[in-house]
Amino acid sequence: RLVAEAYRIHLAHLFDPVLAVHTSLIEPLPHQITGVYGEMLSLQPLRFLLADDPGAGKTIMAGLLIKELMARGDVRRCLVCAPGNLAAQWQDELWFKFQTRFEILTRDVYDSAVSGNAFLEKDRAIIRLDQVARNENLKEQLQRTEWDLVIVDEAHKMSAHFWGGELEETQRYKLGEILSGISRHFLLMTATPHNGKEEDFQLFLRLIDRDRFEGRFRQGVH
């Protein structure tokens, strides 16, 4: 009976198109439903920039996406990258609102990893943006992993610029390139995607789709 019930739950999304909504402690707004179920879930793979005003509920949309893709068997390994001061907030919201447990990777977790690579040992993890971006060893470890879904909060911090025709990549941007390359689904979230410089914006979009924006990138270099 337990096996049959587990299988029924596994197939629940076939009968409830908004399963994550009905199994979470939230009351989503119309634009959140439209964004997740009308736009994001139809993309395979998802390579998406979610740019909305502060307070518009981007975290709620991300939580719905995570839970829905997990229910559909499309995501097992999921990584959230957020500024250090937001890591605990992400962990709390994903647990209390979506009953999905994520572990924040701390220095102790990295140091005590049995395999020597904590990223390999955790299937649902939250990393602190600057902690990883500034550590070459952690970035090298991360590059040796694969994820079904990676979500980056405050993604505009992963910036690159042109100065005098030369490309300047920040450590955060280099981390963004790594995350983009090791994930099948990749979601960038920010309220300020454009700083007024078109070339910088194209470099930012290049994190989502390197091939699509490669031409404009090369044009900017020249």
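## Overall make-up

Of the 222 residues in the protein chain, 48% count as buried. The model is a predicted one. Its secondary structure consists of 12 helices and eight strands.

The accessible surface of the protein chain amounts to about 11,700 Å², and carbon and sulfur atoms hold 52% of that area. Among contacts in the protein chain with a separation of 6 or more, 71% are between residues 24 or more positions apart.

## Salt bridges in the structure

Side chains of opposite charge can pair when their charged atoms come close. Over the whole structure, 12 salt bridges are found. One group of residues, D74, D148 and R184, is linked in a network of such bridges. Three further pairs are described below.

## The pair E68 and R72

E68 and R72 form a salt bridge in which the closest N and O atoms are 3.3 Å apart. The relative accessible area of E68 is 0%, so this residue is buried, since buried means under 20%. R72 has a relative accessibility of 32% and therefore counts as partly exposed.

## The pair R76 and D123

A salt bridge also joins R76 to D123, with 2.8 Å between the closest N and O atoms. R76 sits in the loop between helix 4 (58-71) and strand 2 (78-82), while D123 sits in the loop between helix 7 (118-121) and strand 4 (124-128), so the pair ties together parts that are 47 residues apart in sequence.

R76 counts as exposed because its relative accessibility is 52%, and the cut-off for exposed is over 50%. D123, with a relative accessible area of 30%, is partly exposed.

## The pair R172 and D130

The side chains of R172 and D130 meet in a salt bridge, at 2.7 Å from N to O. R172 belongs to helix 10 (residues 171-182) and D130 to helix 8 (residues 129-133), so this pair ties together parts that are 42 residues apart in sequence.

R172 counts as partly exposed at 27% relative accessibility. D130 is partly exposed as well, its relative accessible area being 23%.

Terms used. Residues are numbered from 1 along each chain as its sequence is written. This is a predicted model: local features need pLDDT of at least 70, side-chain atom pairs count only at pLDDT 80 or more; totals for chains, interfaces and linings use all residues. Side-chain values use heavy atoms; hydrogens and water are left out. Helices (H or I, at least four residues) and strands (E, at least two) are DSSP runs, numbered from the N terminus. Buried means under 20% relative accessible area, exposed over 50%, partly exposed in between (1.4 Å probe, protein chains only). Contact means heavy atoms within 4.5 Å. Accessible areas come from the Shrake-Rupley method with a 1.4 Å probe; for residues, only the protein chains shown count as cover. A salt bridge is a side-chain nitrogen of Lys or Arg within 4 Å of a carboxyl oxygen of Asp or Glu.
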